[in-house]
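Dear colleague,

I am handing over the structure we spoke about, and it is placed just below. My notes on it follow, with the definitions given as each term comes up.

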Amino acid sequence: MSGLPGTSTCSGPGKDSDLKSPLGTRLREPLTEARFQQLFGGAEQEPEPPAEPCVPKLCRLWRLWARACSGPGAWRLLLARLPPLCWLPHYRWRAWLLGDVVAGVTVGVVHVPQGMAFALLTSVPPVFGLYTSFFPVLIYSLLGTGRHLSTGTFAVLSLMTGSAVERLVPEPLEGNLSRIEREQLDAQRVGVAAAMAFGSGALMTLAAVVTALPRSGLAELTISALSLALLVPVKELNVRFRDRLPTPIPGEVVMVLLASLLCFTSSLDTRYNVQIVGLLPGGFPQPHLPNLDELPRILADSLPIALVTFAVSASLASIYADKYSYSIDPNQELLAHGVSNLISSLFSCFPNSATLATTSLLVDAGGNTQLAGLFSCTVVLLVLLWLGPFFYYLPKAVLACINISSMRQMFFQMQELPQLWHISRVDFAVWMVTWVAVVTLNVDLGLAVGMVFSMMMVVCRTQRVKCLALGLAEGTELYRPLRESHKLLQIPGLCILSYPTPLYFGTRGQFRRIVEWHLGLGGGKESPKPGALPDTVGEPVRVVILDFSGVTFADAAGAREVAQLAGQCQDAGIYLLLAHCNASVLETLIRAGILDRVTPDQLFVSVQDAAAHALARLERTGLKICTVWV
């Protein structure tokens, strides 16, 4: 036998082959799916119990409910729904308390200016940003499973909410409103924002920013420029020297104090008409249900906000859980953020979620558990109860600059595009399409366009997968694609095909055409595939093995296609074998009637077993076996 391409070794029926490969040495009998289940899976299935009468079934359900409502059952439910009952008894007070206190206070200090700033993005008064920085953080600390997660106001959600608020409660065209009219407008906008938080849990048009510049005052532009000149370098220092700094530099707090002092001493609000925060109401608002009449109008906006909230929060929680070797409960996370938005909406809060900026700050400051969120709430509580008047002269332009500096990381993602292009051009296309859609349309529609485009890419990629013809690697039991190497054994009359993609209605047509071409069914061999391997011996296909190890699932249309293909092979005198079907695919094929066309002896657990069975069948038919190295 030669290893040169195109050479062959033949043996007649009944003669021993001199193949130096596993095909020439039978180690065991080929295993079919049925035989494998008998040996390893327990072929004798337990008989289904007879149908129970209705009354005993109800009694059994009642016993289950009673067991769940028992003392141990109620305690297990309480432990699952209140995570502090699990982690607080094991809290390492000496090792973790100082880190949680420092991290909580640090994040709380940042929550104050950031919450007020993001309230402006939501088009509501700044104090409601403080409410949103308090209630959701408190609730998540009691219900969440992410030890290092920080929740509160989030720029993207604030933009999305603000877009809907301004559309549903637009600014009057006159522009000059009395104090009472302004309060009424703010109350309406707060009601819409709270209703959106109740329902789910921004508008970005560059053109609005450009057109608003001529109407901006020189004093506010100067304040904004000076604020950015301080905030951006401080943010950069915090990022570059993260490992060397004991705690990040609180640039936002310093900026708030300096700007408030400058505005107070220079009377910028009266002399240059600089807009300031004004009086922050002390205490908490009275809890009340949001304006639920707005729900039908804001459901379309609530859905993308809910999706973004859970996607961002669950992703961040998973990232830090993996980093610090603990696990989270996604269902409990969904419950925690849902309850957080529901309860906080009663206190006029707008939608909230976990945020990357404050989560990174909490971790860098040494936070260890959800207890840090309670200390963060304490700082915000102090501002709400006693320190609010100190922010009276804070210019709103400073809050706007805090927004811009907080979103700097979003803009810097542009730097990752060359690397993304190098790794995956499909992911690059999804990124660009989503970004363009968000900028030109709005956040809601942009995300929807990105999701649809991403799903289209998945469908297109599954439809472009090639069906591979396999050959035996020299001296092994491994079957590899014939185009990968020149040391693969091909047996004329035997065709082994691997289809590495799900088999569903979108790919069934391609699957049928490819298999028909390889088997010469329906005139498929008249137009050979570009780059296809030549038929070395010219022997027609007698046995075909379909390797379904790469078929992760099959729907009804795909399963029926396989059943029809089995019928075509039966009519053409081709013996069809299926190998390596997972349990769900095999069950779908059986329900589609595959056993009407093939027997259980034609279903094998691996390609090796199917190939050994096929070779034995070819030898029994008296066919002169020729092995060809390609």
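How far apart do the end C-alpha atoms of residues 432-459 lie, and what percentage of the span is helix and strand? The end C-alpha atoms of this span lie 19 Å apart, and the span is 93% helix and 0% strand, where helices (H or I, at least four residues) and strands (E, at least two) are DSSP runs, numbered from the N terminus.

Please keep in mind that this is a predicted model, in which local features need pLDDT of at least 70 and side-chain atom pairs count only at pLDDT 80 or more, while totals for chains, interfaces and linings use all residues. Residues are numbered from 1 along each chain as its sequence is written, and side-chain values use heavy atoms, with hydrogens and water left out.

Residues 432-459 are one of the spans that UniProt, in an unreviewed entry, gives as "transmembrane region", the others being 93-112, 119-143, 190-212, 218-237 and 369-387; UniProt positions are given in the numbering used here, feature names are shortened, and annotations may be inferred rather than shown by experiment. For residues 369-387 the chain is 89% helix and 0% strand, with the end C-alpha atoms 27 Å apart.

Turning to charged pairs, the count comes to five salt bridges, a salt bridge being a side-chain nitrogen of Lys or Arg within 4 Å of a carboxyl oxygen of Asp or Glu. One of them joins Glu 252 to Lys 235 at 2.9 Å, N to O. This pair links distant parts of the chain, with Glu 252 in helix α11 (residues 251-266) and Lys 235 in helix α10 (residues 218-240), 17 residues apart. Both Glu 252 and Lys 235 are buried, where buried means under 20% relative accessible area, exposed over 50%, and partly exposed in between (1.4 Å probe, protein chains only).

Another salt bridge, at 3.2 Å from N to O, is formed by Glu 236 and Arg 240, which are four residues apart in helix α10 and therefore separated by about one helical turn. Glu 236 is partly exposed at 25% relative accessibility, whereas Arg 240 is exposed at 65%. A further salt bridge is that of Arg 512 with Glu 561, whose closest N and O atoms are 3.3 Å apart; Arg 512 lies in helix α22 (residues 508-519) and Glu 561 in helix α23 (residues 556-572), 49 residues apart. Here Arg 512 is partly exposed, with a relative accessible area of 29%, and Glu 561 is buried at 5%.

Two residues stand out by their backbone. Most residues other than glycine have a negative phi. Ser 267, however, has a positive phi of about 50° although it is not a glycine; Ser 267 sits in the loop between α11 and α12 (268-271) and is partly exposed at 29% relative accessibility. Asn 273, also not a glycine, has a positive phi of about 55°; Asn 273 is in the loop between α12 and α13 (295-323) and counts as exposed because its relative accessibility is 63%.

With kind regards
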